[in-house]
Protein chains: 2
Amino acid sequence: MRQPVELKKAYRLLNHGPTVLVSSAHAGQQNVMAAAWNMARDFEPAKVCVVIDKTTHTRALVEASGEFALNIPDRSLADSTVAVGDCSGRDTNKFEKFGLATFASEKIAAPLLGGCVGWLECKVIPEPHNQQRYDLFIGEVVAAWADSADFSEGHWHFPPGRARSIHYIAGGTFFETGDEFTVGK
Amino acid sequence: MRQPVELKKAYRLLNHGPTVLVSSAHAGQQNVMAAAWNMARDFEPAKVCVVIDKTTHTRALVEASGEFALNIPDRSLADSTVAVGDCSGRDTNKFEKFGLATFASEKIAAPLLGGCVGWLECKVIPEPHNQQRYDLFIGEVVAAWADSADFSEGHWHFPPGRARSIHYIAGGTFFETGDEFTVGK
């Protein structure tokens with residue numbers, strides 16, 4: 001069940017470096033792309049960084065709306081994660097083409113993707129130099145959510161047999177998030 | 001055995017979001033800190049982003065030298081990864097205290113850490129606004145290396161029984177890099 005994540009613990013959704021799906025919306029258009037190049041940036045107010053290339057349709061929607069969402073797919077969405085990177089939202093409705101269910105964000109217009117394990121709704125902190133020179137976007141997290149089966153009370157606890165978050169490398173190859181372990185206790 | 005990694009494929013060392021150890025050196029001082037907040041930023045020239053807090057001794061060494069290295073620890077270094085985050089290089093020689101072996105970089109002064117699975121030698125691309133406001137450093141990768149048992153010819157191939165890269169969450173808890181899988185082939 002989807003539950004809110006305390007904003008100051010939202011970084012934990014990204015701390016292990018999962019590949020995310022960036023969703024966006026502006027003026028009646030919606031899109032989604034994959035982004036391995038993302039990271040948490042701050043605890044409170046919670047911030048994130050994500051690279052959104054100039055050539056993408058997502059870039060236009062994010063710059064126009066000043067908003068994006070980071071959706072954390074699990075392994076069941078790995079095919080879709082690769083597929084949405086292989087076409088452009090300029091000429092394809094990726095949600096229809098790949099049968100991706102969405103639901104409404106709470107604080108922004110971008111849709112959230114069904115079947116993910118976590119979601120971060122973000123507002124762009126305008127940094128034109130970073131955006132132009134490095135395709136680098138910094139967002140403040142204004143709402144965060146997780147599937148309580150996978151993350152609750154600030155902790156991941158992927159139960160056995162449940163698909164986990166994924167980490168893209170290249171050429172369709174991923175690593176799934178692996179064994180949890182704790183040191184120094 | 002340590003082997004060079006082609007710079008345009010160096011992003012693959014970080015693409016799955018491992019926690020790294022940031023090593024630095026300046027004027028006879030050396031230090032190391034842990035950083036979950038890192039990401040690849042570009043293919044060619046290869047770039048990376050990493051967050052280095054103003055309060056850290058590493059920050060002073062990186063700003064003074066204009067260089068840093070990202071070392072990718074495996075699970076055997078998880079204790080050390082937590083430990084180096086729990087003290088400051090201002091008053092502790094972390095290498096001696098935690099018995100961390102180092103060897104020389106090729107292109108920069110910062111030492112590289114023994115026992116890691118990958119290494120990226122980086123020169124800071126000066127961006128004073130990012131550094132001051134977001135503690136965000138962008139580096140160009142000037143040399144990259146990997147243990148060929150874990151990564152070669154541009155691909156990770158953690159063999160069975162060998163410790164893998166690690167992904168920090170909080171409170172001493174990590175995930176190890178998990179199962180590899182490929183989609184869309």
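This is a predicted model: local features need pLDDT of at least 70, side-chain atom pairs count only at pLDDT 80 or more; totals for chains, interfaces and linings use all residues.
Let me begin with one pair of strands: strand 13 of chain A and strand 14 of chain A, residues 173-182, pair in the antiparallel sense over four bridges, where strands are DSSP runs of E with at least two residues, numbered from the N terminus, and two strands pair if DSSP finds at least two bridges between them. Within this pairing, A:His167 stands opposite A:Phe175 of strand 14 in chain A.

Residues are numbered from 1 along each chain as its sequence is written, and chains are lettered from A and ligands numbered from 1 in the order in which they are written.

Now to the sheet itself, an open one of four strands that run in the order 13(A)-14(A)-14(B)-13(B) with antiparallel pairing. At its edges stand strand 13 (166-170) of chain A and strand 13 (166-170) of chain B, and each has a single partner strand, so one side of each is left without a neighbour in the sheet.

Turning to chain A as a whole, its secondary structure comes to five helices, which are DSSP runs of H or I with at least four residues, and 14 strands. Along its principal axes, the C-alpha trace of chain A spans about 50 × 35 × 30 Å. Of the 185 residues in chain A, 53% are buried, a residue being buried if 20 or more other C-beta atoms, placed from the backbone, lie within 10 Å of its own.

Methods:
A residue is buried if 20 or more other C-beta atoms lie within 10 Å of its own, exposed if 12 or fewer, and partly exposed in between; C-beta atoms are placed from the backbone.
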